[in-house]
Amino acid sequence: MKTIKIHPSDNVAVALEAIAKGEVVTVEGIDVAAAEDIARGHKIALTDIAAGTPVVKYGNEIAIATADIKTGEWVHTHNVKTGLSEGGEYYYDHKVYDLPEVAPKTFMGYLRKDGRAAIRNELWIIPVVGCVNGIAKQLVEANQHLVTGSIDGLYYYGHPFGCSQLGGDLMQTRKLLNALVNHPNAGGVLCLALGCENLTPDLFKEGLGEYDPDRVKFLTCQDFEDEIEEGSKLLAELAEYAGQFKRQKLPASELVIGMKCGGSDGLSGITANPTVGRFSDRLIALGGSTVLTEVPEMFGAENILFSRCLNQDVFEQAVDMVNDFKKYFVDHGQVVYENPSPGNKAGGITTLEDKSCGCVQKGGSAQIVDVLRYADPVTKKGLNILSGPGNDLVSATDLTAAGAHMILFTTGRGTPFGAPAPTAKISTNTALYEKKHDWIDFNAGTVAEGESLDDAGDRLLDYVLRVASGEQTKAEQHGIREISIFKDGVVL
């Protein structure tokens, strides 16, 4: 099969393999001759599409034709445009879908003293201000001997903020860093301050709330003659505390998994994203939780999600989240549809609606139980949606801050990055999996080759449970761990 028509009402099909000019493909029993070369992931017209009329994919309008398009022609940015605007009509047409039956599953994880589960037992250094990133790096390099027994690693998460920020940005930095301190995968945390920054240790602790002083310690570098010596002492104490935790059998219902896409292509919404959606439904059927973010990549597909909001209150929160993000664009003088990226377009994604309809496939079919603000923690079992941008590093950090034990990251182009939470890359096509085997953890390109989405979802669930039990992702193997903090205001 060289093409796929995703929904019965679609007037385009997607090339699963490159189609040469003049080649005839059969779509639902109808032969269509390609009028030109069409690359993998790109769209071919199944019927004549008049200028000014919709292009339909996923059963949704993803674009408006800007010229007459003949059957067999390539449908892309040269002959269509977005139909989005800053406005939008949202309606609550509640739909409920059955979740699959899944036999009970377990993983080998860590149980924290507060009752939360973890899939890693690491020591983290959180710089309160960017000025001490270098000190954090030195401390990590000088104390690798602490990584022994049940301690899985020692890492720091550098960033440029914590000073010269005002108002909302400063509080947002604090909130994000506080959330990382509280992440269950961190068995012990050293909060590293300088001493003269806006985000003072007292202000930082105020946002942190109650904490276990055996698990969380503070060092203000200006207070000590030798901050490396003092920091090493504190890390040794944290290692002694964290070392008491051992892996034990825990139910899959304890897992919180973030879902993200980046470097997408025309197969993202056909293979990898719906595979993640099948996984999400399975984990939720087991009593677990998943988190979907990237609000700008919901634009144009909001109602697909909104119909699954658990109740009217959750629906209204979801609408507010989308409208707030649209206002963010408008307040900065930007149009809401300035997306997809050049790489997305090269991979076959034409408009933001096209991208969004594929993006939301990661949410599967479960009910949306909660709407979270930036860096809010997951508190409800089921599918959560989290406010955050589409940017890979910012949104993956946001998912980590929300408490995701692990992040599933689908990609058609490939990317090496990793968040503080183990970040598994899922390829949309087999060629990428084979080419970038040092980046990609899981191949969903097999769906385009005949594997059912249900089988792929089962396979992904098994993989997640292995990672939760200690198997490292490729990003972990390469030591790639980064954060990026969302900002909006003035830098002094």
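The model described here is a predicted one.

**The chain as a whole**

- With 492 residues, a compact globule would have a radius of gyration near 23 Å, and the protein chain agrees with this expectation because its own value is 23 Å.
- Along its principal axes, the C-alpha trace of the protein chain spans about 75 × 50 × 40 Å.
- Buried residues make up 56% of the 492 residues in the protein chain.
- Among the contacts in the protein chain with a separation of 6 or more, 71% are accounted for by residues 24 or more positions apart.

**The sheet that contains β17**

- Seen strand by strand, the order β19-β20-β18-β17-β21-β22-β23 describes an open sheet of 7 strands with parallel pairing.
- The edges of this sheet are β19 (368-372) and β23 (442-443), and each has a single partner strand, so one side of each is left without a neighbour in the sheet.
- In general, the strands of a sheet pair through backbone hydrogen bonds, in either a parallel or an antiparallel sense.
- On one side, β17 pairs with strand β18 (residues 289-292) in the parallel sense over 4 bridges, and within this pairing methionine 259 stands opposite leucine 292 in β18.
- A right-handed β-α-β unit is made by β17, helix α5 (residues 272-285) and β18.
- Strand β17 is also joined by 5 bridges to strand β21 (residues 406-411), with the two running parallel, and here lysine 260 stands opposite phenylalanine 409 in β21.
- Strand β21 in turn runs parallel to strand β22 (residues 423-427), to which 5 bridges join it, and the bridge partner of phenylalanine 409 in β22 is lysine 425.

**The two faces of β17**

- In a regular strand the side chains alternate between the two faces of the sheet.
- In β17, Val256, Gly258 and Lys260 point one way while Ile257, Met259 and Cys261 point the other way, and all of them are buried.

**Helix α4**

- Helix α4 (residues 227-242) has 16 residues and reaches 22 Å from its first C-alpha to its last, which is close to the 22 Å expected at 1.5 Å a residue.
- At the start of α4, a side-chain oxygen of aspartate 226 comes to within 3.1 Å of the backbone nitrogen of isoleucine 228.
- The buried residues of α4 include Gly231, Leu234, Leu235 and Leu238, and the buried residues of this helix pack against β12 (122-127), α1 (133-142), β13 (153-156), β14 (186-193) and β15 (216-220).

**Two single residues**

- Threonine 3 lies in strand β1 (residues 3-4), and threonine 3 is buried because its relative accessible area is 4%.
- Leaving aside residues up to four places away in sequence, threonine 3 touches several residues, including Ala13, Leu16, Ile19 and Val27.
- Lysine 81 is found in strand β9 (residues 80-81), and with a relative accessible area of 49% lysine 81 is partly exposed.
- Not counting residues up to four places away in sequence, lysine 81 touches Ala63, Ile64, Thr66 and Thr351.
- Lysine 81 and serine 395 are 314 residues apart along the chain, and their C-alpha atoms are separated by 27 Å.

Key: Residues numbered from 1 in each chain as written. Predicted model: local features only at pLDDT ≥ 70, side-chain atom pairs only at ≥ 80, totals over all residues. Heavy atoms only, no water. Buried < 20%, exposed > 50% of the residue type's maximum accessible area, 1.4 Å probe, protein only. Pairing = 2+ DSSP bridges. Right-handed = clockwise from strand over helix to strand, strands pointing away. Expected span 1.5 Å × (residues − 1). Contact = heavy atoms within 4.5 Å. Polar contact = N/O pair within 3.5 Å; in protein donor to acceptor, adjacent residues only side chain to side chain. Rg over C-alpha atoms; globule rule 2.2 N^0.38 Å.
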